[in-house]
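Colleague: Could you walk me through how the aromatic pairs and burial labels were assigned here?
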Amino acid sequence: MHFQTIQYAESQGIATITLNRADKRNALNYELIDDILAGFDHAARSTVQAVILTGAGAAFCAGMDLENLKQLTGRTNKQNLQDSKTIARLFRTIYDFPKPTIAAVNGAAIAGGTGLVTVCDFALAVPEAKFGYTEVRIGFMPAVVSSFLLAIVGEKRARDLLLTGRIFGAEEARALGLVNDLVPPGELMDRARALALQLQENSPASMRATKALLSGYTRERLDRQIEQAVIENAAIRQTGDFQEGISSFLEKRKPVWKGN
């Protein structure tokens, strides 16, 4: 298959999906989201037994693309709802994927990038990697990913990460349970592939059934929470604080919050 914004490769029963917008620090735009979804769909129908998700260049994923951010301030509520549903579908597709998923975090994973790491089964990161649910800094909210984060770190820690929007390092990400292990940069992909090969020693049917069982435990809760999150995600974009947050971010100045 040919993709514009990702590289897709299969080898030794492993699919590697590489976010390929290195000049934009692999920031998410609509085309990249579509390509990631298409890549996972292809891997689901393939004979591969595991998927590695990583980024080209120095970053894993720097969040939303600036051009997309500019567009968000002028979209209708209906368009915002559709955008929110697309983000929810991206995270849910990876979370519920029938085969093991491994995030190989080669650099900064911010906002939506941290979200991608959150929903993978495993995450390996270089010690220099940075993370952060930074949406509140620009008048936005990490609505969709909050459902997944709560289950991993608990409510008190989730409140800290989501309300402060602070950047945190790879060591803290490991302590929180968002990252399984830290790996030197030159060894990251080898370690990710070694983990994928180790998983291939297990029964594919058993792993599919185990993942389906785990997803089944959370399905009703996630369905309910994500439906609410999509609505809130769209609604926040109609506020004055969101308009000011995006404008100040693009203009590289301190925001003057309106409180509504």
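Predicted model: local features only at pLDDT ≥ 70, side-chain atom pairs only at ≥ 80, totals over all residues.

Colleague: Okay, then why does Phe97 count as buried?
Modeller: Phe97 has 3% relative accessibility, and the cut-off is under 20%, so Phe97 counts as buried.

Colleague: How many aromatic pairs does the structure hold?
Modeller: There are 6. In one of them, Phe40 and Phe97 sit 5.1 Å centre to centre with 80° between the planes. Pairing needs centres within 6.5 Å, and planes over 60 degrees apart count as edge-to-face, so that's the label this pair gets. The pair also links distant parts of the chain, with Phe40 in helix α1 and Phe97 in the loop between α3 and β4, 57 residues apart.

Colleague: Why is the pair of Tyr95 and Phe148 called tilted?
Modeller: Their ring centres are 5.0 Å apart and the planes meet at 55°, so the pair is tilted: stacked needs under 30 degrees and edge-to-face over 60. Here too, distant parts of the chain are linked: Tyr95 is in helix α3 and Phe148 in helix α5, 53 residues apart.

Colleague: What makes Tyr95 partly exposed?
Modeller: Tyr95 has a relative accessible area of 23%. Buried needs under 20% and exposed over 50%, so a value in between is partly exposed. Phe148, at 3%, is buried.

Terms used:
Residues numbered from 1 in each chain as written. Heavy atoms only, no water. Helix = DSSP H or I, 4+ residues; strand = E, 2+ residues; numbered from the N terminus. Buried < 20%, exposed > 50% of the residue type's maximum accessible area, 1.4 Å probe, protein only.
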